[in-house]
Amino acid sequence: MPLKITILGSSSATPTAHLFPTAQWLQIGNKNFLIDCGEGTQMQIRRNKLSFSRLDAIFISHAHGDHCFGLLGLLSSLDLLKREKELFLFAPPQIVDLVEFFFYRNNENPFTYPLQRIPIKMGEKYLLHTADTSRVYTIPLSHTIQCQGFVFEEVFPLKNVNPFKINEYEIPSCDIPGIKKGKDWKTKEGLVIKNDELTLPLPKALRYAYCTDTQYIGSLKELIGTADILYHEATYSTSESAIAPLSGHSTSVEAAKSALDVDARYLLIGHLSVRYKDPSILLKEACKVFPNTYYARQNTQFMLDRKDMQLKVMDIKEKINAKS
Ligand SMILES: [Zn+2]
Ligand SMILES: [Zn+2]
């Protein structure tokens, strides 16, 4: 399955008539994750034809409004839509407290669905969530308040058994599930065959790293390792490099340097200050340092398939218009 990122919003600060604040919908393995939830996110989910019922978990990076003001409305709408599937919410403690106060103060079960509310240990790097086909790590960023980044990684729970080895050793079908899970296998004569000999190598696991609202961190490689796609905020042009760190933000060139630091294949930049009417200024600056840079424009989908590792970019609005 390809990795798909749909940009629901990528503006910073206040929403405008045309620009929505930060929110992304990530499809990885068989999971659907929402990353940040700025104001208007649920309208953008509808506009981008994504399925509310498929949502598995929500991750909120920090407690600034342009990343979380859409959350209460979305949780409420999922209830009105009579959702039944469990939903995970990973958020800074004050956001979890807000949800508790608003919905759970007088009611233990305010929703039609179970909401698992998990406060993030802010400032720490750890494995946050394990789903059957993906893992999510969180890392500390450097902003004016505590802010976390996320690394999403594919997981392959089952290996593929080499059909030639099944024939060669005459492995009974009842032993196949164990081999798929990684167990060695014993012949009738008691000879142990190592699992690696019986199975095919696992495909490459795709990794997506999300780093919003942060000044440049020189140690990003130590925090996240490598990433196939890095989303990094680029609030300012490089001409504002003196003021960027004072507001806990990065420039376009710093975002590009971060992509080099983590050996990324592709960089998406967003969270541009509304002062830049034309994002191509920042895009050009970043491309000079890291040519594979794209602007994370809202209503755009980025898709990466491990078969060719080529990033495909689709304008959702054009797709919708073409169909209508
Ligand atoms: Zn922000
Ligand atoms: Zn912020």
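**Ground rules.** I number residues from 1 along each chain as its sequence is written, and I letter chains from A and number ligands from 1 in the order in which they are written. Since I am working with a predicted model, local features need pLDDT of at least 70 and side-chain atom pairs count only at pLDDT 80 or more, while totals for chains, interfaces and linings use all residues.

**Overall fold.** I looked up the secondary structure and found 10 helices and 17 strands. Helices (H or I, at least four residues) and strands (E, at least two) are DSSP runs, numbered from the N terminus. I then checked the radius of gyration, which is 22 Å, close to the 20 Å that the globule rule gives for 324 residues, so the protein is as compact as a globular protein of that length. The radius is taken over C-alpha atoms, and the rule is 2.2 Å times the number of residues to the power 0.38. The C-alpha trace spans about 75 × 55 × 45 Å along its principal axes.

**Domains.** I noted two: domain 1 (3-156 + 203-323) and domain 2 (163-195). Their bounds come from an automatic or database domain assignment. Their C-alpha centres lie 43 Å apart.

I count 40% of the 324 residues as buried. Buried means 20 or more other C-beta atoms within 10 Å of the residue's own; exposed means 12 or fewer, and partly exposed lies in between, with C-beta atoms placed from the backbone. Of the contacts with a separation of 6 or more, 63% join residues 24 or more positions apart. A contact needs C-beta atoms, placed from the backbone, within 7 Å.

I traced an open sheet of mixed pairing in the order 7-8-9-12-13-14-15. Pairing requires at least two DSSP bridges between two strands. Strand 7 (126-131) and strand 15 (293-295) are the edges, each with a single partner strand, so one side of each has no neighbour in the sheet. The twist averages 20° from one strand to the next. Strand 14 (residues 266-270) runs parallel to strand 15 over three bridges, and Ile269 has Tyr295 as its bridge partner. Helix 8 (residues 252-261) lies across strands 12, 13, 14 and 15, at about 155° to strand 13. Such angles run from 0 to 180 degrees between N-to-C directions, with axes fitted to C-alpha atoms, for helices over the stretch in contact.

**Core.** Which residues touch the most other members of the largest nonpolar core? I found Tyr208, Leu230 and Leu267, in a core of 69 residues. Such a core is a set of buried Ala, Val, Leu, Ile, Met, Phe, Trp, Tyr and Cys residues joined through C-beta atoms within 7 Å. Leaving aside neighbours within four places in sequence, Leu267 is in contact with residues including Leu230, Ala255, Ala259 and Phe290.

Strand 1 (residues 3-9) pairs antiparallel with strand 2 (residues 23-28) over five bridges. There, Thr6 stands opposite Trp25, and Ile5 has Leu26 as its bridge partner. Strand 1 also pairs antiparallel with strand 16 (residues 300-304), over five bridges, with Leu3 opposite Leu304. Six of the seven residues of strand 1 are buried.

Conventions. Two residues are in contact if their C-beta atoms, placed from the backbone, lie within 7 Å.
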